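This report describes one protein chain for a reader who has not seen it before. The sequence and structure come first, followed by notes on selected parts.

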Amino acid sequence: MSLLETIISAQGGNLVKQLANSNGVDPESTLNVLARLVPNLTQQIKSNTQQPSGLESLLKAVQSGNHQQYLDNERDPFSNDARQDGNAILGHLLGSKDQSRKIAAEVASETGVGDSLIKQMLPQIANLVMGAMGSQTRSGGALSDVLGMLGGGKQQQATSLLTSFLDRDNDGSIIDDVMGMAARTLFR
């Protein structure tokens, strides 16, 4: 399951509805924003893992952080503490507020959702991405394999596996796939 699918299916699809409600956006627009931001953020994660000690830093954050709470608990993703966590994640991934603004403007032009709303959603979605990574690590998915490789001193293979895992969200036809899955989950 991709990170985006993990987020969309969290809480039986209710997490997307809560994200929409907390930001005053309809669920379909929220899905469009997610479908563009999650691959963008995973691309940033992938870029960071190419830096010296980037992969180890990411996996340490996934293992030691309690980001999965943002997928599991109804109120946690929208609290002030969550916003601070999300902004810290964005700071690490993007490096500057200018980069966040650029991404928000791009997604706004693609989705029709205002860039101020997307800026508001970015920290929440950053938390959800990290939560999805934590969830997949704990459930024995590809990230567990990456951790095992790192423990065995196989840095290059671990990086390769993580890269292929993150690329699943960016296969060129994600919008159609996600919207179909989301329609089944959210609009039953």
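## Asparagine 127

Leaving aside neighbours within four places in sequence, asparagine 127 is in contact (heavy atoms within 4.5 Å) with His67, Tyr70, Ala82, Arg83, Asp85, Gly86 and Ile89. This is a predicted model, in which local features need pLDDT of at least 70 and side-chain atom pairs count only at pLDDT 80 or more, while totals for chains, interfaces and linings use all residues. Residues are numbered from 1 along each chain as its sequence is written, and side-chain values use heavy atoms, with hydrogens and water left out.

Asparagine 127 belongs to helix α8, residues 115-138. Helices (H or I, at least four residues) and strands (E, at least two) are DSSP runs, numbered from the N terminus. Asparagine 127 counts as buried because its relative accessibility is 0%. Buried means under 20% relative accessible area, exposed over 50%, and partly exposed in between, with a 1.4 Å probe and protein chains only. The side chain of asparagine 127 also reaches the backbone nitrogen of glycine 86, at 3.3 Å.

## The chain as a whole

The chain contains 11 helices and zero strands. Of its 188 residues, 48% are buried. Among contacts between residues at least 6 apart in sequence, 75% join residues at least 24 apart.

The chain exposes about 8800 Å², and carbon and sulfur atoms supply 44% of that area. Accessible areas come from the Shrake-Rupley method with a 1.4 Å probe; for residues, only the protein chains shown count as cover.

## The largest nonpolar core

A nonpolar core is a set of buried Ala, Val, Leu, Ile, Met, Phe, Trp, Tyr and Cys residues joined through side-chain atoms within 4.5 Å. The largest one has 39 residues, and Ile125 and Val129 touch the most other members. At least two residues of this core come from each of α1 (3-9), α2 (14-23), α3, α5 (69-72), α6 (80-94), α7 and α8. The largest share, 10 residues, is supplied by α8.

Not counting residues up to four places away in sequence, valine 129 touches Leu3, Ile7, Val38, Leu41, Thr42 and Ile45. Leucine 41 lies in helix α3, residues 27-49, and counts as buried because its relative accessibility is 0%. With the same exclusion of residues up to four places away, leucine 41 touches Leu90, Leu93, Leu122, Ile125, Ala126 and Val129. Leucine 41 and leucine 93 are 52 residues apart in sequence, yet their C-alpha atoms are 7.7 Å apart in space.

## Helix α7

Helix α7 covers residues 97-111, 15 residues in total, and reaches 21 Å from its first C-alpha to its last. This is close to the expected 21 Å, a span defined as 1.5 Å times one less than the number of residues.

Which residues of α7 are buried? They are Ser100, Ile103, Ala104, Val107, Ala108 and Thr111. These residues are on the same side of α7 because they cover an arc of only 135° around the axis. The arc is that of the directions from the helix axis to the C-beta atoms. The face turned away from this buried side carries the exposed residues Asp98 and Ser109.

## Two positive phi angles

Glutamine 11, in the loop between α1 and α2, has a positive phi of about 55° although it is not a glycine. Most residues other than glycine have a negative phi.

Notes: Polar contact = N/O pair within 3.5 Å; in protein donor to acceptor, adjacent residues only side chain to side chain.
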